[in-house]
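Have the viewer open while you read.

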Amino acid sequence: MKILLVDDERRIIEVLEAYLEREGYEIHSADNGIDALKKAKTIDPDLIILDLMLPDISGEEVCRLVRKESDVPILMLTAKSAEDDRINGIVMGADDYLTKPFSPREVVVRVQAILRRVKKTEKVERLEFNGKKLAIDLIKKEVTVNGEDVTLTPIEYKLLTNMAVNPGRVYSRMDLLEKIQDEGIYYEGYERSVDTHIKNLRKKIEADSRQPDFILTVFGMGYKFGGVLDAAHTPV
C-alpha cells in the first residue's frame, strides 16, 4: 500500500519512512503543499499523513483540495494542539489527528487502524448495520430498514451512502453539498439545505428521528454516520 507523507521537517519524514517501510508500506514524500497535491494525483496513495504547518499553502488547504476529488484517508500530524485546531481538522475531512511530539509507533498503529477500517468498506456490494436494522445494497442502490424496502430520493441515497462507507467521519454541510452537487442542486451558500435532506432521510431510516441511531448531528460541525457495521459483503 502506498502512503504519501507530507512534512517540511526532513527528520520527521526519515523517521516515519523507516518505521512505515518496516511494516511493508511504499512511502512517497513531499515537503510542501503544492508538491503534496501533485503527488496525491499522480501516486494515488492509499493514505496521506499530512502536516498542517507547511511552508507554502497550509495543510488545512491541502486537505480541503484533496477532499474535493478524493476520499483517501488522511491522518493529520501537527504541532497545533488546541481543541479548536483538532476540531477544525476533523471538520475538514481528516480521518484522525495526532499532535507533535508523537511516537512513531503510534503513527504506525493509527495508520494500520485507519486502513483496516477503510478495507472493510471498499469494493463491497452490501453494507449491514446495527444487527441488520439498516442494509444498503450498493449495486442495486436499495435500502432496507428492518427488512422492509425504503424509497429514498437520489440525494438522500447519496447522503446516506457517502456517510455510511466512512462511519464516524464528521462531514460539514459543505462537504455533503459537494458530495451531492452532481445531482444538480448545489448552490454556493445553501449549506442549510442539507439539513432538510437529512431531516427527511432520518424520517425514513430512523426508528425515532429525534433520537437517531444512524445519522448523528455533531454540534457546531455537521453530521456523521453512527451505525455499527455488522457485515460488508464483497463480490465472490
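Helices (H or I, at least four residues) and strands (E, at least two) here are DSSP runs, numbered from the N terminus. This is a predicted model, so local features need pLDDT of at least 70 and side-chain atom pairs count only at pLDDT 80 or more, while totals for chains, interfaces and linings use all residues. Residues are numbered from 1 along each chain as its sequence is written, and side-chain values use heavy atoms, with hydrogens and water left out.

Most residues other than glycine have a negative phi, and most peptide bonds are trans. Lys 132 sits in the loop between S6 and S7, and Lys 141 in the loop between S7 and S8. For accessibility, buried means under 20% relative accessible area, exposed over 50%, and partly exposed in between (1.4 Å probe, protein chains only). Both lysines have their values below.

Pro 101 belongs to the loop between strand S5 (96-99) and helix H5 (104-121).

**The core**

A nonpolar core is a set of buried Ala, Val, Leu, Ile, Met, Phe, Trp, Tyr and Cys residues joined through side-chain atoms within 4.5 Å. The largest one has 27 residues, and Leu 134, Leu 160, Ile 205, Ile 215 and Phe 225 touch the most other members. Among the elements giving it two or more residues are strand S7 (134-137), helix H6 (154-164) and strand S11 (222-225). H6 supplies the largest share, six residues.

What does Phe 225 contact, leaving aside its neighbours within four places in sequence? Counting heavy atoms within 4.5 Å as contact, its partners include Phe 129, Leu 134, Leu 160, Met 163, Phe 214 and Ile 215, along with Arg 169.

**H7 against H8**

Axes are lines fitted to C-alpha atoms, for helices over the stretch in contact, and angles run from 0 to 180 degrees between N-to-C directions. The axes of H7 and H8 come within 9 Å and cross at roughly 75°. The two helices are therefore roughly perpendicular (65 to 115 degrees). On the H7 side, Arg 173, Leu 176 and Leu 177 meet Ser 193, Val 194 and Asp 195 of H8.

How values were computed: Angles under 35 degrees count as roughly parallel, over 145 as roughly antiparallel, 65 to 115 as roughly perpendicular and the rest as oblique.
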